[in-house]
Amino acid sequence: MNATPSAALSEALERAARHAPFLRGQIERHSDLADLLSAGDLTDALAASEVLAEDLPTARRLRLVRSRTALVLAIGDLAGALSLEDVTQRLSDLADRSLDIAIATAVEERVQGADPRGFAVIALGKHGGRELNYSSDIDPIFLYDPEVLPHRGREEAAEAAVRIGRRIIELLQARDEDGYAFRVDLRLRPSPEVTPIALPVDAAIGYYESSAVAWERAAFVRARAAAGDRELGETFLDAIRPFVWRRSLDFGAVKEMRAMSHRIRDRHGREAFGPGYDLKRGRGGIREVEFFAQIHQLIHGGRDRSLRSPATVPALTSLRAAGIIGEEAEQLIDAYRLFRTIEHRLQMVDDRQTHQLPADRAALDNVAALHGLCGGAELIDLLRPHLAAVGTLYDGLDDGSEAGVPVGEALIGALGRAGFANPEPARAVIERWRGGGVRALQSPAAREALEEVLPRLVAALGQAPDPLGALHRLDDIVGKLPSAINFFRLLAARPPLARLLADILTHAPTLAAALGSRPSLLDGLIDATAFEPAPPVAELVRSFSAAESGDYERLLDHVRHAVGERRFALGTQLIEGASDPLDVAAGYARVAEAAVQALAAATVDDHRRQHGDVPDSEFVVLALGRLGGAALTHASDLDLIYLFTGTLDRSSDGAKPLEATRYYNRLAQRVTAALTVPTAAGALYEVDTRLRPSGAKGLLAVTLDSFADYQRTSAWTWEHMALTRARPIFGSEEARAAVQAIIDDVLRQPRPKLLADVAAMRSDMARHKPPAGPLDAKLIAGGLVDLEFCVHATQLEQGAGLDPHLPTAIAQLVAAGLLPDGFAEAHDVLTRLLVTLRLVAPDAQEPPAPTRALVARACGFGDWDALLEGYALARQRVSEHWARIVARSREGQ
């Protein structure tokens with residue numbers, strides 16, 4: 001740190017206050033630091049920046065320390081007292097300390113008194129290189145050791161790690177009047193589209209040893225164990241070091257980085273230098289200096305450890321010292337320091353993560369003045385020669401070479417090496433594509449897009465359990481496309497999608513069929529949020545309802561598109577092992593409930609335009625079955641009952657009035673159509689309304705009074721069993737409460753012949769609806785239907801556990817001693833198997849060998865044999881209890 005007179009610091013404070021609103025606010029907010037800086041005491045100001053009251057909440061402390069530190073570093077920077085490296089290293093060290101505090105807090109909140117062991121943060125990007133700027137994101141990877149990570153007694157380590165990770169993110173990036181600590185970007189972790197935010201360390205090592213692509217190697221050039229259990233982090237980095245630093249020259253990685261650079265230049269590099277220029281992504285900018293260093297590090301760092309520095313300036317210095325680059329090192333270093341310094345000035349103004357020179361002349365002048373220049377023109381002149389020099393140096397790295405997939409007999413060898421056991425049929429498919437024998441590939445542009453992605457596609461399909469089967473399913477999809485240009489360009493732009501596509505084509509015929517009908521479903525997997533749990537129903541309703549106002553037909557299409565993407569993403573989560581099938585089932589149910597709410601509301605509004613409203617009356621939708629229980633499969637239909645409040649003697653008040661019964665029955669028909677009729681966007685759901693009063697013979701919509709009277713006096717026992725999973729999902733809170741009160745009353749009424757009726761119904765069902773196969777976890781003896789009969793019979797007999805959510809009801813009944821121990825575990829095994837097989841083996845037959853491991857993993861077992869044992873045990877537990885119920889039913893005869 002340079003000794004700086006107080007005059008320089010005072011002048012920097014004045015300049016910051018005049019030209020940087022963010023810094024002006026911090027100066028006013030943290031007057032104690034401003035006083036120290038005015039007195040010329042930068043060292044004490046730095047020390048005081050982290051001195052705060054002991055009783056502050058952790059999140060606020062982190063935010064305040066960050067804002068106070070940013071202020072002191074900014075003034076020291078503007079005064080010339082701190083170098084670029086001083087500033088970026090101090091900001092990076094602050095990020096490390098903030099992460100350590102957040103980890104310790106998150107662990108302590110979950111397990112009091114536990115040491116924060118077994119959870120490590122690997123820093124990548126600028127954070128990994130200790131090069132953070134004023135408004136950088138941090139790019140961490142969260143790793144954990146399941147054997148060491150503290151977690152609660154009944155909590156899996158994986159679940160605990162994800163919750164700890166989410167809490168860390170919340171602590172760091174929650175924003176209030178104090179600002180924020182650090183924004184967190186987790187997209188550099190392995191396969192962010194499909195993986196949880198925290199990964200077991202062994203799985204992460206396995207991924208980088210076997211599945212990672214070249215650009216991921218480049219990301220680890222700037223990796224370090226930054227926070228948490230650093231010993232665990234170093235163990236991970238040691239394990240993957242051979243993956244990052246290969247002894248043989250790896251021009252494949254260079255090609256990948258150059259391709260990335262070309263894409264950046266296509267978007268940002270063609271703009272003329274001047275106001276509005278992107279100093280990070282533009283030609284000759286920050287990114288190209290960093291890529292220049294990293295390309296040479298990847299080529300030579302495997303054989304020379306001295307070249308492995310994660311920071312850009314030391315990396316260029318070591319490359320010069322090794323004789324790999326020459327005098328251009330000084331040019332690049334000078335340019336980099338200047339670019340990063342001006343980048344800091346841009347971000348100091350409003351604390352925005354910007355890298356773009358202002359397009360507005362006055363704003364550009366303001367940034368220049370903050371840097372101590374006379375105006376924007378002087379700033380442009382300062383930057384211009386450095387940008388030109390870097391751009392020219394970087395251009396010299398591109399030899400224009402491009403390696404693709406060979407043709408002819410050489411193609412057979414390439415396919416064999418990729419993993420195709422029988423390459424000849426695969427060669428025939430690819431050669432047909434190349435020859436334009438498919439409509440979607442008849443244009444030169446489409447075939448060019450194919451060739452761009454073909455190496456990656458062949459590699460991904462070759463690693464699939466059934467490469468040829470996956471290729472044939474892909475051929476079916478391509479054959480249905482009008483043009484394959486966008487499809488193949490998407491795969492080229494998003495490398496992880498090729499492997500994801502191979503998994504879908506191999507394991508999930510249901511998803512593959514959906515993709516064949518609508519290839520654009522793949523687009524929805526680009527966003528990492530596609531692999532997060534489905535949002536709450538209210539949030540989904542808002543997104544589903546966001547179609548053009550007043551356009552009912554457009555809304556029908558929009559909901560079909562949105563629901564299709566959500567269901568496809570949930571299915572893909574299951575295939576990739578990113579989510580528990582129980583969570584996926586809950587996600588399917590939230591999506592369906594939101595679709596019902598969005599479409600019912602829109603249909604009510606559209607119906608109102610013609611017929612008005614029925615005074616003192618409203619429409620209510622009651623969900624039953626799996627939707628009522630909030631756990632659907634990919635193939636589930638929706639069991640619905642339509643009701644309305646009020647009396648029968650009223651009529652609507654619109655231009656075309658209808659009496660209440662006709663009004664609501666027409667409305668119910670329209671809601672059913674909105675949910676079921678295929679549009680240009682495809683189909684949505686199958687709806688079953690046969691559980692309504694009097695079944696198919698009854699009116700589609702009835703009053704609450706009629707519903708209550710029917711349930712109390714005329715309903716069969718099986719209808720009351722169905723009512724145990726009834727849940728109002730559309731209507732006002734008052735109307736829903738009225739329906740729920742009826743249900744609660746009906747379910748608690750006495751039933752003298754209950755067990756005999758239940759046993760007879762199950763016997764009839766077994767005769768008329770036998771299991772489809774040995775893995776039909778629903779209909780097989782001891783399967784989910786038997787389990788549900790056990791639960792519902794007990795609920796109705798005892799008036800206990802009356803919750804529509806089956807796991808909750810089971811937990812209550814087990815706790816009350818009304819169901820045996822192990823019943824909840826049996827439910828979970830059977831449900832996981834059902835949800836998974838609906839995607840991978842809808843015929844309930846044993847799936848192909850490559851898919852069995854996926855099913856076992858999804859159901860929580862180590863291998864297929866263990867799954868079968870667990871399946872048999874679950875069925876045995878259910879069958880034994882069902883047998884006791886049947887025996888009791890006979891005692892009363």
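Student: Let's start with the aromatics. How is a pair of aromatic rings described?

Tutor: You quote how far apart the ring centres are and the angle between the ring planes. This predicted model has 14 aromatic pairs. Take Tyr-207 and Tyr-208: their ring centres are 5.2 Å apart and the planes stand at 85 degrees, so we call the pair edge-to-face.

Student: Are those two tyrosines buried or exposed?

Tutor: Tyr-207 has a relative accessible area of 15%, so it is buried. Tyr-208 is buried as well, with a relative accessibility of 2%.

Student: And which pair is stacked?

Tutor: Look at Phe-619 and Tyr-664. Their planes are at 5 degrees, with the ring centres 6.3 Å apart, so that pair is stacked. Phe-619 belongs to strand E6 (residues 619-624) and Tyr-664 to helix H29 (residues 660-676), so the pair ties together parts that lie 45 residues apart in sequence. Both Phe-619 and Tyr-664 are buried.

Student: Which residues do ring pairs link into a cluster with Phe-619?

Tutor: Tyr-642, Phe-644, Tyr-663, Tyr-664 and Phe-730 join Phe-619 in that cluster.

Student: What about charges over rings? Where does the charged end of Arg-670 sit?

Tutor: Over the ring of Tyr-552, at 5.3 Å from the ring centre. You'll find another case at Arg-875, whose charged end sits over the ring of Tyr-871, 5.5 Å from the centre.

Student: On to helices. At what angle do H9 and H11 pack?

Tutor: Helix H9 (residues 201-210) packs against helix H11 (residues 230-244) at about 15 degrees, and the axes are 9 Å apart. An angle under 35 degrees counts as roughly parallel, so that is the label for H9 and H11. Their crossing is right-handed.

Student: Which residues of H9 and H11 make the contact?

Tutor: On the H9 side, it's Val-201, Ala-204, Ile-205, Tyr-208 and Glu-209. H11 brings Leu-232, Phe-236, Ala-239, Ile-240 and Phe-243.

Student: How would I read H25 and H26 in the same way? What is their angle?

Tutor: It's about 135 degrees between helix H25 (residues 537-544) and helix H26 (residues 552-575), with the axes 9 Å apart. That makes H25 oblique to H26. From H25, Leu-540, Ser-543 and Phe-544 meet a set of H26 residues, including Leu-555, His-558 and Val-559.

Student: Where is Ala-844 found, and what is its phi?

Tutor: Ala-844 is in the loop between helix H36 (823-840) and helix H37 (849-858). Its phi is positive, about 65 degrees, although the residue is not a glycine. With a relative accessible area of 6%, Ala-844 is buried.

Student: One last thing: how far apart in space are Val-458 and Gly-419?

Tutor: Their C-alpha atoms are 8.8 Å apart, while in sequence the two residues are 39 residues apart. Val-458 is part of helix H20 (residues 444-462) and counts as buried, at 8% relative accessibility.

Note on methods
Residues are numbered from 1 along each chain as its sequence is written. This is a predicted model: local features need pLDDT of at least 70, side-chain atom pairs count only at pLDDT 80 or more; totals for chains, interfaces and linings use all residues. Side-chain values use heavy atoms; hydrogens and water are left out. Rings of Phe, Tyr and Trp (its six-membered ring) pair if their centres lie within 6.5 Å; planes under 30 degrees apart count as stacked, over 60 as edge-to-face and the rest as tilted. Buried means under 20% relative accessible area, exposed over 50%, partly exposed in between (1.4 Å probe, protein chains only). Helices (H or I, at least four residues) and strands (E, at least two) are DSSP runs, numbered from the N terminus. A charge sits over a ring if NZ of Lys or CZ of Arg is within 6 Å of the ring centre and within 35 degrees of the ring normal. Axes are lines fitted to C-alpha atoms, for helices over the stretch in contact, and angles run from 0 to 180 degrees between N-to-C directions. Angles under 35 degrees count as roughly parallel, over 145 as roughly antiparallel, 65 to 115 as roughly perpendicular and the rest as oblique. A crossing is left-handed if the near helix is turned anticlockwise from the far one by less than a right angle, and right-handed if clockwise. Contact means heavy atoms within 4.5 Å.
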